[in-house]
Amino acid sequence: MTNRYNVLIVEDDAFIRKVLRQSLKNDFEVTTHVNGIEAMTWLEQGNPVDVILTDLQMPYLNGQDLIKTIRASPMFKNLPIIILSTYDDSNTRIACLELGADDYMTKPFNPLEVKAKVLAVMRRSK
């Protein structure tokens, strides 16, 4: 049994998914999904997750709707959520934080900073 944190990446861009997986796989158990519907289905199947990294612009269930869905769920409402988005305006960042995101990073991002933020959020949530 591993005691590594489980990171769920919800991102429709294959290249970004690959970069995140490569940069996090040595320190975390990484699962990726391409949209919020897939991610929620996976979560509801009882799979373990400690933190979610999600894009905002995705088909079917976008990042903001994913935050709302997770925060409305008694089972998942306390899961840490970090947004990774190309939107760099204050209004979008504020809206995501008000919906319940724990942190917000703009793309392009430094994968080492993503790792540091995941670890910081995990320290606060445990």
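Which residues in helix 2 meet which residues in helix 3? I will begin with that contact, and then turn to the cores and to several individual residues.

First, the conventions. This is a predicted model, in which local features need pLDDT of at least 70 and side-chain atom pairs count only at pLDDT 80 or more, while totals for chains, interfaces and linings use all residues. Residues are numbered from 1 along each chain as its sequence is written, and side-chain values use heavy atoms, with hydrogens and water left out. Helices (H or I, at least four residues) and strands (E, at least two) are DSSP runs, numbered from the N terminus.

To the opening question: Gly36, Met40 and Leu43 in helix 2 meet Leu66, Thr69 and Ile70 in helix 3. Contact here means heavy atoms within 4.5 Å. By class, this contact of helix 2 with helix 3 has four nonpolar, two polar and no charged residues. In that scheme Ala, Val, Leu, Ile, Met, Phe, Trp, Tyr, Cys and Pro count as nonpolar, Asp, Glu, Lys and Arg as charged, and the others, Gly among them, as polar.

As for geometry, helix 2 spans residues 36–44 and helix 3 spans residues 63–72; they pack at an angle of about 20 degrees, with their axes 10 Å apart. That angle makes helix 2 roughly parallel to helix 3. The axes are lines fitted to C-alpha atoms, for helices over the stretch in contact, and angles run from 0 to 180 degrees between N-to-C directions. Angles under 35 degrees count as roughly parallel, over 145 as roughly antiparallel, 65 to 115 as roughly perpendicular and the rest as oblique. Helix 2 passes helix 3 in a right-handed crossing. The term left-handed applies if the near helix is turned anticlockwise from the far one by less than a right angle, and right-handed if clockwise.

Helix 3 also has a contact with helix 4, residues 90–99; their axes come within 9 Å and cross at roughly 15 degrees. Helix 3 and helix 4 are therefore roughly parallel to each other. Their crossing, however, is left-handed. Gln64, Ile67, Lys68 and Arg71 in helix 3 meet Thr92, Ala95, Cys96 and Leu99 in helix 4. By class, this contact of helix 3 with helix 4 has four nonpolar, two polar and two charged residues. Of these residues, Lys68 is partly exposed, with a relative accessible area of 44%. On this scale, buried means under 20% relative accessible area, exposed over 50%, and partly exposed in between (1.4 Å probe, protein chains only).

Now the cores. In soluble globular proteins, nonpolar side chains tend to be buried together. A nonpolar core is a set of buried Ala, Val, Leu, Ile, Met, Phe, Trp, Tyr and Cys residues joined through side-chain atoms within 4.5 Å. The largest one in this model has 21 residues, and those with the most contacts inside it are Leu8, Leu43, Ile52, Ile70 and Ile83. Strand 1 (6–10), helix 2, helix 3 and strand 4 (81–85) each supply at least two residues of this core. Its largest share, four residues, comes from helix 2. Leaving aside neighbours within four places in sequence, Ile70 is in contact with Met40, Leu43, Ile52, Phe76, Lys77, Leu79 and Ile81. A second, separate core of 17 residues includes Val30, Leu84, Met105 and Phe109.

Which residues does Val121 contact, leaving aside its neighbours within four places in sequence? They are Val51, Pro80 and Ile82. Val121 lies in helix 5 and counts as buried, at 3% relative accessibility. Val121 and Ile81 are 40 residues apart in sequence and 8.6 Å apart in space, C-alpha to C-alpha.

Thr32 is placed in strand 2, residues 29–33, and is partly exposed, with a relative accessible area of 21%. Not counting residues up to four places away in sequence, Thr32 touches Ile9, Arg17 and Arg21.

Finally, two points of backbone geometry. Most residues other than glycine have a negative phi, and most peptide bonds are trans. Tyr60 has a positive phi of about 75 degrees although it is not a glycine. Tyr60 is found in the loop between strand 3 (51–54) and helix 3, and counts as exposed at 71% relative accessibility. The peptide bond from Lys107 to Pro108 is cis, with omega near -5 degrees. Pro108 is found in the loop between strand 5 (103–106) and helix 5 (111–125).
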